[in-house]
Amino acid sequence: MRFEGTVKSWNDDRAFGFIAPSQGGQEIFLHITALPTRTTRPPLNQRVTFELELNQDGKKRAKNVQLAQGPRVARPNRSANSPSAAQWGGATLFAIPAFLLVYLATALFWHVPLAVGVAYVAMSVICFITYAIDKSAAQSGAWRTPESTLHLLGLLCGWPGALLAQQFLRHKSTKAEFRSAFWATVVVNVGAFLVLSYPGINAWQRIASGVL
């Protein structure tokens, strides 16, 4: 037997939400695995039809969910003070080229070793792959990568790759708390890069020579 309802909430990071049944009553748990193939996120207020089953705890959850045809209720507009991934994408496009210019100038005038640039590229690739794995895990309900690990990889020179992953994979791009912590790691990383590159400290050369 199929029922009708409306998607009332959705958590991208945990890949589940809840359906409000049209006939009323308790909201029904909805996991992304119950949605049609290639559906990654149901719009809020989307009408759906579904079947019911019981989980291991005896609670109802939706299965074989289908998006219902017909007009949808308009989704609320986001204000300018609540940027979506698309709105803050400009920061992504600006931050990486800006840092590249800073890096090139610093390397030219303060003689930063090539290994530092290689470290940024390598860690960015690792960070992007880690984000992709975590997004896939979120969609399949598998084990997730802790946010602390994502922040650590960003802090350890991988933040350019994290920015690209957030922008192009649309992962971890709307959670305000996560983004605030992420940008803090970017500031710390860039600040540490400049301090360690300063000729008066010359930390890179001392590290390379084995003094540190």
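1. Second largest pocket. In this predicted model, the second largest pocket holds about 210 Å³ of space.

2. Who lines the pocket. The lining residues include Ile96, Phe99, Leu100 and Tyr103. Gly117, Tyr120, Val121 and Ser124 also line this pocket. So do Trp159, Pro160, Gly161 and Leu164.

3. Sorted by class, the pocket lining has nine nonpolar residues and three polar ones. No charged residue is found in the lining.

4. H2 against H3. Two packed helices are described by the angle between their axes and the distance between the axes. Helix H2 covers residues 114-140, and helix H3 covers residues 147-168. Their axes come within 7 Å. The crossing angle is roughly 70°. H2 is therefore roughly perpendicular to H3, as angles of 65 to 115 degrees count as such.

5. Residues of that contact. The contact of H2 with H3 has 16 nonpolar residues.

6. Is Cys127 buried or exposed? Cys127 is buried, because its relative accessible area is 0% and under 20% counts as buried. Cys157 has 18% relative accessibility, so Cys157 counts as buried too.

Notes. Residues are numbered from 1 along each chain as its sequence is written. This is a predicted model: local features need pLDDT of at least 70, side-chain atom pairs count only at pLDDT 80 or more; totals for chains, interfaces and linings use all residues. Side-chain values use heavy atoms; hydrogens and water are left out. Axes are lines fitted to C-alpha atoms, for helices over the stretch in contact, and angles run from 0 to 180 degrees between N-to-C directions. Helices (H or I, at least four residues) and strands (E, at least two) are DSSP runs, numbered from the N terminus. Angles under 35 degrees count as roughly parallel, over 145 as roughly antiparallel, 65 to 115 as roughly perpendicular and the rest as oblique. Ala, Val, Leu, Ile, Met, Phe, Trp, Tyr, Cys and Pro count as nonpolar, Asp, Glu, Lys and Arg as charged, and the others, Gly among them, as polar. Buried means under 20% relative accessible area, exposed over 50%, partly exposed in between (1.4 Å probe, protein chains only). On a 1 Å grid over the protein atoms alone, a cavity is a set of points where a 1.4 Å probe fits but cannot get out, and a pocket is an open set with protein on both sides within 12 Å along at least five of seven lines; lining residues have an atom within 4 Å of a point. Grid points are joined across faces, edges and corners, and a volume is the space filled by probe spheres set on the points.
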